[in-house]
Amino acid sequence: MAKQKYQHYDRVLSANDLRSGDVVFWGAQGWQKDVAKAALLQGGAPADALLALGEQAETDNIVVGSYLVAVETHAGRRSAVELRERVRLSGPPILNAVDVRVAA
Amino acid sequence: MYRYNEHDSAFVQARAAEFRDQVSRRLTGKLSEDEFRPLRLMNGLYLQLHAYMLRVAIPYGVLSAEQLRTLALLARRYDRGYGHFTTRQNIQYNWPKLEDVPDMLDQLAAVGMHAIQTSGNCIRNVTSDPFAGVAADENIDPRPTAELLRQWSSLHPEFAYLPRKFKFAVTGAAEDRAAIKLHDIGLQVKADPQGAPLYNIWVGGGQGRTPRVAQLIYNDVQLNDLLPTLDSMLRVYNLEGRRDNKYKARIKILIAEKGLDEYRAAVDADRAAAQSGAAAEDFVGIEALYDRIAAQFITAPLPVRDDRPLPFGDDAFSDWVRTNIAAHKAAGYAIVSISLKPPGGVPGDATDQQMEHIADLAERYSAGEVRVTHRQNLVLPHVAIDDLRSLYAALVEIGFETPNIGQASDIIACPGLDYCSLATARSIPVAQVLSQRLRAREAQDALGPMSLNISGCINACGHHHVANIGILGLNRAEKENYQITLGGRSDAQAVIGDVMGPGFTQDEVPAAIDRVLDCYLQQRKAGERFADTYQRVGKAVFKGALYVES
Ligand code: SF4
């Protein structure tokens, strides 16, 4: 979760979808799963409006646990600054191993 | 096996129906997340890093083939085709959708299962020896006691909001395969000359950020005194355990702060007060209840077989017999451990198809019964020695023939940062790399029995503190860093491992473990296991070897 010390990074608003539990991000197309399509809050910009939007989505029972995630963009790809969020963004790499095993 | 009576069945069905209503109210906005969270947690439903996670209780790790088939079905229908067996002998589903959970609970209820008390500050699923009732070294079957505890602790109104979660483990064997000294309360059951149970009660063990080995508080407690004693032990903890700081709320901290003698005095005073009050009647008839429960664990007698030696040779099957077979009480039978730790695999994971195959094998070879171990493996408890070869061939087909039970590559690993929202680092990728490397070394170097456990944070669900080689994943400046502990053990000589020194990056871990193993091989004397060598040689030698190249 983007702590105080990450405020100078660009940030995106994330949460879990209430029904599916999926990791979702807020963007022009609403809440969706692709971090690349998430609305970007520029580093250092005030976050109140975006956070309020997340809280409203929680009140409206669309998502659970909204918060800001600090991200960096390298070669056009967004990745999270914090370790926990990096794993959350990429999904468990482990699924690939399971898929291989199921196929075998 | 213990079978639910009509009250048990009606209760879990009613509870599933109640949760269906709660989910429906959540989805329609009649319940807020703040209102719903405690309700879902009471039904084992967490929100983890990527998705919801449902933890299903497997009381003392005992499953029927039918129940395992249902677990497989849930994995296929509502998850991504697999489930994860945990160090609490439970199973976790990592990807259920909230709207599907009521259906999952209905299907569990239909086979006498549920997810109640798999979360929250209550008495959690009671764990036990996975070889209970069949082990050749057993004094008395611990399952009737575990079931008695399950019935006593399920929805116990007084103990629904303890200062913190509370874990019991029970063993009745000479070898402690249930890690009872690492539990809030551990029970060691013995048989008196008439065959009735007698209990040694250990209290204040646990892992997490302040690992402690439990202390013996009562010796030779008789059956009719067991529940009143436990009731008083819990009551004193409930009243005096700290609620101001969750890191100091476990009973191990109360005992450390108060001292065992003072705690015992408080428990004795509570018992005396209870005996003279209205509660005196609460536990009348326990012996008859115990007998009724015990009668259910007398499985239909296994067909009588001639005693015969285990088939040892020099092929792969014989390697498996050497490591994965344990001695059964009955002549001509063996206990088979099925390793869920193939090299490079995810410790404790099984796909829906693998679970179904094992359910079939349990019916064919093991009187329809399966056990889950706290080391995240499965057990077929009643296999005829004559059937071992055909069972092995069937396990080869599903990739579960790895001959590594109790070996270094039989790694315990918690879900870690791949799934867990509390994690500080990943456990699974470390286990995957190490298990491949260690399998090769096991064959080449005859490493012998040892334990290597990995936790993804200081909560220590992966039991790293009590592993011969423990690995704790930490977050150092947003990079994974792995701290190594050595010399721990979880058996009857339970001891907390020594923390070595600075941690290692994920890439450095395999070479660091190699250096520890090289040191062990150089130092060990004939007949020693890793734990023996470490105890004899001491921390400094191993620490010197661990950091020699860093
Ligand atoms: S040890 Fe930590 S990371 Fe692992 S399962 Fe427990 S809480 Fe999660």
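The legends below describe close-up views of a predicted model.

**View 1**

**View 2. An open sheet of five strands in chain B.** The strand order is β1-β2-β5-β4-β13 (chain B), and the pairing is antiparallel. At the edges lie β1 (45–47) and β13 (349–351) of chain B, each of which pairs on one side only. From one strand to the next, the twist averages 30°. Helix α2 (residues 33–42) of chain B packs on this sheet, where it touches β1 and β2 (52–56) of chain B. The direction of helix α2 makes about 125° with that of β1(B).

**View 3. The pairing of β4 and β13 in chain B.** Strand β4 (residues 82–85) of chain B is joined to β13(B) by three bridges in the antiparallel sense. Within this pair, Gly83(B) is opposite Ala350(B), a residue of β13(B). Strands of a sheet pair through backbone hydrogen bonds, in either a parallel or an antiparallel manner.

**View 4. Asn61(A), a residue other than glycine with positive phi.** The phi value of Asn61(A) is near 60°. Asn61(A) belongs to the loop between α1 (48–59) and β4 (63–74) of chain A. Its relative accessibility is 19%, so Asn61(A) counts as buried, the limit being under 20%.

**View 5. Leu155(B), a residue other than glycine with positive phi.** For Leu155(B), phi is near 55°. The loop that holds Leu155(B) runs between α5 (143–153) and β7 (168–171) of chain B. Leu155(B) counts as partly exposed because its relative accessibility is 41%, which lies between the limits of 20% and 50%.

**View 6. His328(B) and its contacts.** His328(B) sits in the loop between β11 (325–327) and β12 (333–338) of chain B. With a relative accessible area of 10%, His328(B) is buried. The side chain of His328(B) reaches the backbone oxygen of Pro381(B) at 3.1 Å. Leaving out residues up to four places away in sequence, His328(B) touches Val134(B), Ala136(B), Leu302(B), Tyr333(B), Ala334(B), Ile335(B), Pro381(B) and His382(B).

How values were computed: Residues numbered from 1 in each chain as written. Chains lettered and ligands numbered in written order. Predicted model: local features only at pLDDT ≥ 70, side-chain atom pairs only at ≥ 80, totals over all residues. Heavy atoms only, no water. Pairing = 2+ DSSP bridges. Helix = DSSP H or I, 4+ residues; strand = E, 2+ residues; numbered from the N terminus. Axes fitted to C-alpha atoms, helices over the stretch in contact; angles between N-to-C directions. Contact = heavy atoms within 4.5 Å. Buried < 20%, exposed > 50% of the residue type's maximum accessible area, 1.4 Å probe, protein only. Polar contact = N/O pair within 3.5 Å; in protein donor to acceptor, adjacent residues only side chain to side chain.
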